[in-house]
Amino acid sequence: MNLEKVVFGFFVLLAATLNFGFFIGDIDDPVVHNEYELFAAVVVNLVATVLKFGDRTQIGAVHLATSLVADLQLIAATLVWAYATQVSTEGLTASATASVVSLSGGALLANTVSLVLLVVETVSFRRS
Amino acid sequence: MSRGLRASLRHLTGRDQQPEFRMRRRSPLVTGVQASATIFVILRRMRAPLIILILIFAVSVLGLTLIPGQDANGQPWHMGFFDAFYFMSYTATTIGFGELPYPFTGAQRLWVMGTIYLTVVGWAYAISALLSLLQDRAFRQALALQHFTRKVGRLREPFLLIAGYGQTGEQLGKSFDTLGRRFTVLDIADARIDALEMNTHRADVPGLVGDARDPHNLEIAGLGHPWCEGVLALTDDDEANLAVTMAAALRRPELPVVTRSLSPVVAGRMQTFGDPTVINPFDRFGDHLRLALRSPDVHQLMTWLENGPGAERPARASAPAPGRWIVCGYGRFGRHFTADLRSEGLEVTSVEQHASNPDDDPPSIIGDATDPDVMERADLRTAVGFVAGTENDTTNMSLVAEARRINPGLFVAARQNQPRSAPLFAAMEVDALLVPTDVVAHDAYAQLSTPLLWRFLRELPGRDDEWAAGVVARLTRACGRRLEELWKVRLTLEEAPALVPWLDVGALRLGDLLRSPADRDAPLPLVPLLVLRGDECVLTPGGDFLLAAGDQLLLAGRPAVRRQLETTLVVDALPEYLVTGRRVPSGWVWRRLTGRHPAAPPGLPARSVGRSSGDTRQ
């Protein structure tokens, strides 16, 4: 067992699950989308991205690309959230919540691709 | 795999195509993976610091949002993620705007105190990791490699690959740079590549530190590059030179390869791969000295032309009367040289300290040449020539001094081994000095600068002294004491469009071409060294030589004169003036007004080259 692979798989999976946890629920209901979950998703996604740095294989490059997409989507979601809560006079309305959640939904798709890659990589790994 | 297939396909098809077309095709040089290696090194090394930084930030922000605080009215208040991240950003970067938006409670301050130390340590770790990465040797090499690869890949003009940038390489590089030729350098020593960067070349010279024996390094240095036009293997290691020769012959069989070796065995091994030119400095020096003994003027001309642009006219060696020669040092050089002299029918006395092998060709005298008794036995007084050819510069110099003391009239040749001895040997003013690195540099220059010069030099040894003295005198009149650049003119439609109608009817003589476009009675101060037509060449053709289309001329003269001649080649009104003395306007308007047109030979329309009439009519 390779500890590096364990940590890598752990963070990739955790990024996807946290993202999913935030995404699930009515899209315009702020009550079912916890901001702490979004924060955790951003942090874990960033860590997962950094873990993917410096892999020169083809699959490693695609891994990094999916992570970067997820980061982009999640950071966009947090920016929308920050705008709604801090700048906008109307606060976290249903439409703002819908924007945040749909952006995180995009990140979820990227994270799912990441998971598929992880599974493909594992399955295609042959023991000598 | 597909790249290899493509490369071999290109190789196969390329043989049937025009060489120029093949030259201009781009081929994938170095893989993208390799070019972006640097960024991967950075990313990989920065993993740990970045993750630690992210975690420290995450924990600090999360803590701030969880710890209860108070607003301005003393009401319980929880900091949001936005404020917490804002606070951590300015605190972690040591900017410190203070406690915003409300003054902190004790619990918050306790937490912030911890996070301040954590974040500062995290930042310091990340930044120091980045800085140490920048100073890392492996990283810098990766960076240099990427830089070099990019520079070589961008070359869009013919260049030479020089493997081994020692004395010889440096000297050659300077000559080629003066000619405006590009080259890339591969050398195993850092110091020499640093020296390359310190040198002031006109063009940018990419240099890589690497082992020339590694084909990968050669590939990066441009061996597979479509614009690579030649390979020079000039390292001081025979095996490395052999490896470069092999790699070049296998990878690019069509490229000319010039290399050096002192050993005939290695030279033979090199010859089995393709057809490289192997320069043996001892051999070449022997040839030179024999030529100098036989015909000193031809030798002077040859040396001058070989030394390259900017070289001062070498002194004419005064050949000694035939007689006995003494060769001190009977090693590889001594044996070679003795054989050369004997083949000229000269008597040779060789002196060597140790008889290495009694079977093969022992020296005439065994003993230390610096010993006066040994010198006495060699009998310097009755000799005409003396060669100090040991592998030790100090010994060679003392031998020369001793020989001159005994017999001041001797012709003295010496071998210089170390470059740092050069000023001392120069001060001794020996009649012939062997500097192996110079010999190789001059020979390689003569072979690669232009094929016409090499052709000229090969024709030289058969010529007589009188002719050579004449050429040297003409060169001195045209160039002065320092040789100007030699250049080539091809009388083709591309290079000399104005001349083609005249050449096609056979109406242009060399003497007419070399008249001044300003005043046809004044000849241009140029020396036509050689005309090459097909496979035949004429050395120093006379003024009545009839030129034909496709001829190649090798000319020597000052750059200003070269520009005048180039005007003649492209302005279509000039050849008529030079041949007949009739001035023809070169502009359309003036031709209309004066009614004079260039006399176009039958069947060929007059070619018009857009030039204002002013610059040709003065």
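## Ground rules

What you're looking at is a predicted model, where local features need pLDDT of at least 70, side-chain atom pairs count only at pLDDT 80 or more, and totals for chains, interfaces and linings use all residues. Residues are numbered from 1 along each chain as its sequence is written, chains are lettered from A and ligands numbered from 1 in the order in which they are written, and side-chain values use heavy atoms, with hydrogens and water left out.

## Chain A overall

Chain A has 4 helices and 0 strands, so its pattern along the sequence reads α-α-α-α (helices are DSSP runs of H or I with at least four residues, strands are E runs of at least two, numbered from the N terminus). Its C-alpha trace spans about 60 × 25 × 20 Å along the principal axes.

Of its 128 residues, 40% are buried, meaning under 20% relative accessible area with a 1.4 Å probe, protein chains only. Among chain A contacts with a separation of 6 or more, 69% join residues 24 or more positions apart; a contact means heavy atoms within 4.5 Å.

As for charge, chain A carries 5 positive and 10 negative side chains, and the centres of the two sets sit 26 Å apart. Here Lys and Arg count as positive, Asp and Glu as negative, and His and the chain ends are left out; each charge is placed at NZ of Lys, CZ of Arg, CG of Asp or CD of Glu.

## Where A meets B

Helix α3 (residues 58-87) of chain A packs against helix α5 (residues 81-92) of chain B at about 105 degrees, with the axes 10 Å apart. That makes α3(A) roughly perpendicular to α5(B) (65 to 115 degrees). Axes are lines fitted to C-alpha atoms over the stretch in contact, and angles run from 0 to 180 degrees between N-to-C directions. On the α3(A) side you'll find Trp81(A), Ala82(A) and Gln86(A), which meet Phe81(B), Phe82(B) and Asp83(B) in α5(B).

## Two helices in chain B

Helix α11 (residues 238-251) and helix α12 (residues 264-271) of chain B have axes that come within 9 Å and cross at roughly 10 degrees. That makes α11(B) roughly parallel to α12(B) (under 35 degrees). Asp238(B), Asn241(B), Leu242(B) and Thr245(B) of α11(B) make the contact with Val266(B), Arg269(B) and Met270(B) of α12(B).

## Leu530(B)

Leu530(B) is in strand β16 (residues 527-533) of chain B and is buried, with a relative accessible area of 0%. Leaving aside neighbours within four places in sequence, its contacts include Leu452(B), Phe456(B), Val538(B) and Leu553(B).

Definitions and conventions: Buried < 20%, exposed > 50% of the residue type's maximum accessible area, 1.4 Å probe, protein only. Parallel < 35°, antiparallel > 145°, perpendicular 65-115°, else oblique.
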